[in-house]
Amino acid sequence: MPDLLIELFSEEIPARMQRRAAEDLKKLVTNAVVEAGLTYEGAKAFATPRRLALHVAGLPAASAATREERKGPRVGAPEKALEGFLRGAGLASIDDAQVQNDPKKGDFYVAVIEKDGRPATDIIAEAMPTIISNFPWPKSQRWGTGSLKWVRPLHSIVCTFGPETEEPEIVHFEVGGIKSGNVTRGHRFLAPQSFEVRRLEDYMAKLEAHKVVLDADRRKDIILHDAQNAALALGLELVEDEGLLEEVAGLNEWPTVLIGAYDEAFLALPDEVIKLTIKENQKNFVLRDPATGKLSNKFALTTNIEATDGGAVIIAGNEKVVAARLSDAKFFWEGDLKTKLESNLPKLDSIIFHEKLGTVGQRVQRLERLATELASVTGAAPADAQRAAKLAKTDLVSASVFEFTELQGLIGRYLATAQGETPAIAAAIEDHYKPAGAADEVPSAPVSIAVALADKVDVLAGFWAINEKPTGSKDPFALRRAALGIIRIVLENDLRLPLRDVLVQALRRNLADVATARGEDALKGLPFIGKGEAGEDLVSGLFSFVNGCAGKVLDSFSEKVPETALERGLIDDLMGFIAERLKVVMKDKGIRHDLIDAVFALGDQSDLALVVKRAEALGALLGSEDGENLLAGYKRAANILRAEEKKEGTSFGGEPQSALLIEPAEVALFEAICGLEAQVAPLLVANDYNGAMSALAQLRAPVDKFFVDIHVNAEDAKVRENRLKLLTRIRHTMHQVADFSKIAG
Amino acid sequence: MSRDTVPAHMDPTKSFQGLLLTLQQFWADKGCAILQPYDMEVGAGTFHPGTTLRSLGPRPWKAAYVQPCRRPTDGRYGENPNRLQHYYQFQVILKPSPENLQELYLESLRAIGIDTGVHDVRFVEDDWESPTLGAWGLGWECWCDGMEVSQFTYFQQVAGFECKPVSGELTYGLERLAMYVQGVDNVYDLNFNGREGDEKISYGDVFHQAEQEFSRHNFEYADTEMLFRHFKDHEDECKRLLAFSEQAKEEAGDGLQKVVLPAYDQVNKASHVFNLLDARGVISVTERQSYILRVRELAKACGAAFLETKWGGKE
């Protein structure tokens, strides 16, 4: 079976786009040939800085001929129907159609569409110009006088097709004035001459001879191993970095690793600063001492050439640039060290956090108060939490973070440590951004947790207040991540956090800042306030409320100021958002989302850790035979009640009367319920959900027996009503533990 | 002119002006018109009307020139070894971009003494965008041994208009290149005239005092009230000139704008005034955006008017 080889040779393709582009080329070409009726055995795509290549193996020389019979309208059908049929089948006249007979339908037309097989080369030649012209580059450009777009100017195209045993033929096509052929070029500097290629094997071998390693993964291996070996020879260890390795492999066709060094005085800089300086600006790897883990003053650089002087000039050049960059970084760092973090605070007042939510300075003040309050939950000293929150954002205006944004927090930690803050406070400055993603660790130190929670609670409440919620894939302020962060922090540290109250406090502080920053009228513009006169009243009410709260009351969520109706709606919505995230987290842990729903439906579920414990206990109960049967009994009771309540238009509340309980089974059930209620209440108060669930399981036997022995809709109306009251009581009692109506199955 | 035949004081690896003249000679040999610097403060060689305006419209164009650039915020009172508020760019603009532009660029590096057999030259992704000019293009920063020495761009849009044909733009950072080929670590130590001993003139001799004085001016002494006024004046003047241009076009009935280049000068003046105000730290983050937008609107209007001139392709 013949193979196809394609190479698209261009000026330097951005490293970050190469791998994706090679895969896109593979997908587009294989889809096109399959759509045209060809099959293939396998395909592999390659990319270097100057070329995308594709090998498709085991294509047939031509597509198979096809014959299709398409049924049309009956003979004598209206003109319109016939026209449509002819158009669809591609026939010129109805005389080209055959007439067939069906015993039921009579005579009708059939179009026989026969297509000859087509040579694969024709199919490919036809598909390629479109694929190239419409290639999905993230950004593409025109050049010269042409109108073709490619990532950078495209220079030549190889496209050959043929079986292993024969000379392959060129698949001829033209796009943007470039004719396909069988000629490519070697390395830009080491072997720039052009040469003919036939198929993958000789293509790769000739490229290799012309100093081009086609396969990016092989280039990565070469760089990694050469750098590891060079490090080893110096008694050092390479600090691996997969992202950097991928990028460097995309910057070289013939990678060669060299080792450079910088002045040891620069090692006074934080390791991360050195690493980033050398990585971001120079795309070089740093090396460390395997014994201590500290960086050494050596770095590994990758060049694209085998220099005739062995690389001395290249090393010297790179060392010079590294030294210049590091001395910039050192200048910034030393300046930062001399600037007390606290003295950066006024600068935060001039940074807009969000146009509608005021400055970073205001946000810091909110964080201070929230963190102070949260300290009691996390077990931190309130003064420590406040101090950490105060300093948490101060590194944002440091020169080092200005240079390396991704080091926010970490720089703050180093500066705080150097400036004599306690380790707990310094750590909290770094950790308050965590967890930054699913893979990131969750803070566990009390001060860190307090500030990390404050940070997330504040953004959620703030953005909810101005109605900037995530929609679909859009989440510019990473609010999903913030919600997820709260959930993980609470669960992994098993915190007793009254989340709802905390959110209310955070909301109020945000509103107070909105009002201070932009005036009382700004509150009127908030989406959740609503329009019209009622809105106006609410705003003035809210404003005086917010002002009134701004003092002592606002500082404590344990001294609860009741939620206003406005706040309730907004916080319900926000809690719902958090509940959705919680379901996702729990699903990964094997807890069904309906169990979480059954707990949240109880209302006032503010403590996420307890929600999860209760849902887990509920899951265990339902997993048992008693639980399963109890649920069936509950559903039966609930169904009967629903039907009767609907019929009568009333509910059946109130105490069942002992005098009206006739049958032993209903007497037993009533007694069981009364006993159970007394048993469950203290268990719930003690948050002993497993205990409560076990107690609930005792109800199974009497409930089962009740439904076997008793006909609920007794003829005597009073007996019937009393039995319905009994069922209502079962439902009520069970709902103390969870809303069983939310449970599926 | 090969390096072997030039006198020692013109050797691009030993003389700053030798480097500059070698590049000029090289691109003259490739058919470029060698322009002189535009006689006005600009932030980059791209602002020279020989690049900005000439890259618009269908007419071919080839030019190269040295352009002194002013970046008031980059001033360091002459104390930083490689940061300057005034420096030179060598700018090449080829329209349409030739097929072998990369080769020509590499050849120019060889001409100034960068042997690609021992130096590692790389084209690293760097997309170019000028918010003030409403322009963007794709290209690279060109690295030599890990150092960025040039910017290489295929213009896609200028003043908000598609570039058809596409121009190729090369920008060499002359001081940086010279420091590299001369092997100096401090820009002020560059040998400017290629002579030795008493006859030597260094970059510091030429520019150090100016860097000190202009840093003071840019950061401390420039009269901000006057600058705010001037910004407004240049903005108004640009609009006024364009209005005249439009009116004159209507009156002549030939569809040709009459006063575009003078209007574009006002864009450059406004842009420089804005840069000074920025250096004086009197423009807040939000205002900054709106000033950039105002300059861009002017640049776009000039670009649109230029397309209605002979040079812009209107015959």
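**Before you start**

Residues count from 1 along each chain as its sequence is written, and chains are lettered from A in the order in which they are written. In this predicted model, local features need pLDDT of at least 70, side-chain atom pairs count only at pLDDT 80 or more, and totals for chains, interfaces and linings use all residues, while side-chain values use heavy atoms, without hydrogens and water.

**Stop 1: chain A as a whole**

Helices (H or I, at least four residues) and strands (E, at least two) are DSSP runs, numbered from the N terminus. The C-alpha trace spans about 105 × 100 × 55 Å along its principal axes. Chain A has a radius of gyration of 37 Å, but a compact globule of 745 residues would have one near 27 Å. That radius is taken over C-alpha atoms, and the globule rule is 2.2 Å times the number of residues to the power 0.38.

Now show the surface. The accessible surface of chain A is about 33,000 Å², and 51% of that belongs to carbon and sulfur atoms. Such areas come from the Shrake-Rupley method with a 1.4 Å probe; for residues, only the protein chains shown count as cover. Buried residues make up 52% of the chain. Buried means under 20% relative accessible area, exposed over 50%, and partly exposed in between (1.4 Å probe, protein chains only).

**Stop 2: the domains of chain A**

Colour these ranges in turn: domain 1 (3-62 + 119-209), domain 2 (67-115), domain 3 (235-332), domain 4 (343-587) and domain 5 (624-742). The bounds come from an automatic or database domain assignment. Then look at domains 3 and 5 of chain A. Their C-alpha centres lie 73 Å apart.

**Stop 3: two backbone details in chain A**

Most residues other than glycine have a negative phi, and most peptide bonds are trans. Select A:Lys283. Its phi is near 55°, a positive value in a residue other than glycine. A:Lys283 sits in the loop between helix 7 (271-282) and strand 15 (285-288). A:Lys283 is buried, at 15% relative accessible area.

Next, select A:Lys434 and A:Pro435. A cis peptide bond joins them, with omega about -5°. A:Pro435 is in the loop between helix 14 (423-431) and helix 15 (446-465).

**Stop 4: chain B as a whole**

Switch to chain B. Expect eight helices and nine strands. The C-alpha atoms fill a box of roughly 60 × 45 × 35 Å along the principal axes. Chain B has a radius of gyration of 20 Å, which agrees with the value near 20 Å for a compact globule of 315 residues. Of the residues in chain B, 56% count as buried.

**Stop 5**

Select B:Lys95 and B:Pro96. The peptide bond between them is cis, with omega about 0°. B:Pro96 lies in the loop between strand 3 (86-95) and helix 3 (101-111).

Go on to B:Asp145. This residue is not a glycine, yet its phi is positive, about 50°. Look for B:Asp145 in the loop between strand 6 (135-144) and strand 7 (147-158). B:Asp145 is buried, with a relative accessible area of 0%.

End at B:Thr52, in helix 2 (residues 49-52). B:Thr52 is buried, at 4%. Leaving aside neighbours within four places in sequence, B:Thr52 is in contact with B:Thr46, B:Phe47, B:Leu133, B:Val158 and B:Tyr264. Contact means heavy atoms within 4.5 Å.
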